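Please look over the structure below before reading my notes. The points that follow take up helix packing and aromatic rings.

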Amino acid sequence: MKNPLPILYILAVLLLASIEGWCADFQKGWNAFYNGDYSAAFLEWKPLAEQGEAKAQFLVGMMYSDGTGVPQDHKEAILWYRLSAEQAYALAQNNLGLMYYDGQGITQDYTLARKWLQLSAGQGVPEAQFLLGWMYYKGQGVLYNYKEAAKWLRLAADQGLAIAQTNLGLMYLRGQGIPQDHKEAFKWFRHAAEQGEGIAQINLGLMYFKGRGVPQDHKEAANWYWFAADQGIPSAQVKLGMMYEYGHGVFQDYVSAYMWYSLGALQGHKIAREHRDILKKKTSPSQIEVAQQLAREWLVKHRGISITVSPLERGD
């Protein structure tokens with residue numbers, strides 16, 4: 001499960017910074033944080049946390065969790081999250097639930113993860129709503145329940161959380177816990193894809209390609225496959241390679257096809273390797289040389305790329 005703590009960290013600090021009536025120490029901590037002096041921010045917030053201020057306890061927990069301003073220490077993070085969560089601070093409840101879910105600094109415990117996520121989700125934290133829905137989908141700490149999973153995913157999706165929108169789209173596509181509805185699936189994939197969620201982009205491309213929930217449009221399919229492929233997702237690179245190989249929605253181009261197959265194959269994608277090897281038989285050595293150079297240039301440009309993948313498998 002991808003850890004959303006760094007995102008919540010910034011969101012939380014920005015949220016807290018907007019609250020009127022902060023004491024001077026809180027404001028000093030914010031000023032230091034904003035200026036990149038994380039150690040000074042920690043020194044301002046730690047005494048407030050020790051005095052029982054829930055928001056400060058949460059922030060101190062976040063700093064320990066991320067190793068920002070202090071050495072990373074998941075056990076200390078859990079201590080401060082728990083103090084804040086027990087005061088019903090929703091973001092702390094979410095992060096404590098996530099620590100139990102991932103087993104960070106503590107023994108993995110889906111039952112306790114669900115407990116804290118349920119409390120946070122009930123207060124409207126979309127990340128908690130998503131993970132709670134995912135636990136119902138997988139039967140982690142609860143019985144399998146697609147209907148309940150869809151309920152929590154929808155709440156998170158309605159708040160704009162892309163990963164929830166993607167997975168809700170997949171449940172509509174498959175008819176899991178909700179009636180199968182390709183138009184609804186397309187709608188949610190589109191929302192997530194426009195936020196850059198790679199798996200949603202693949203599925204949106206697939207729906208355009210097959211004409212599911214939307215008129216068939218190979219050009220749009222190729223467009224969305226490209227966005228996902230350019231994030232480094234191998235299954236999208238294969239699909240885009242096939243579009244170029246067969247001229248679906250793009251001009252037929254063996255060089256581009258070979259390039260994308262090669263990039264997918266480098267990540268161990270079996271189908272990418274198979275298509276590349278087949279295409280090699282009908283591609284000239286000079287074309288292969290150009291394709292390999294383009295692949296090398298792509299790798300240099302995208303060095304250190306971070307691939308975000310939704311927990312649910314992509315649609316077929």
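**Notes on the model**

1. Tyr 101 is buried, at 6% relative accessible area (buried means under 20%, exposed over 50% and partly exposed in between, with a 1.4 Å probe and protein chains only). Tyr 110 is partly exposed, with 27% relative accessibility.

2. This is a predicted model, in which local features need pLDDT of at least 70 and side-chain atom pairs count only at pLDDT 80 or more, while totals for chains, interfaces and linings use all residues. Residues are numbered from 1 along each chain as its sequence is written, and side-chain values use heavy atoms, leaving out hydrogens and water.

3. The structure holds 14 aromatic pairs (rings of Phe, Tyr and Trp, the last by its six-membered ring, pair if their centres lie within 6.5 Å; planes under 30 degrees apart are stacked, over 60 edge-to-face, the rest tilted). Among them, Tyr 101 and Tyr 110 form a tilted pair, 5.3 Å centre to centre with 45° between the planes.

4. Phe 186 and Tyr 208 form an edge-to-face pair, with 5.4 Å between centres and 85° between the planes. This pair links distant parts of the chain, 22 residues apart: Phe 186 lies in helix α11 (residues 182–193) and Tyr 208 in helix α12 (residues 198–210). Helices here are DSSP runs (H or I, at least four residues), numbered from the N terminus. Both Phe 186 and Tyr 208 are buried.

5. One aromatic cluster is formed by Trp 30, Phe 33, Tyr 34, Tyr 38 and Trp 45.

Definitions and conventions
Helices (H or I, at least four residues) and strands (E, at least two) are DSSP runs, numbered from the N terminus.
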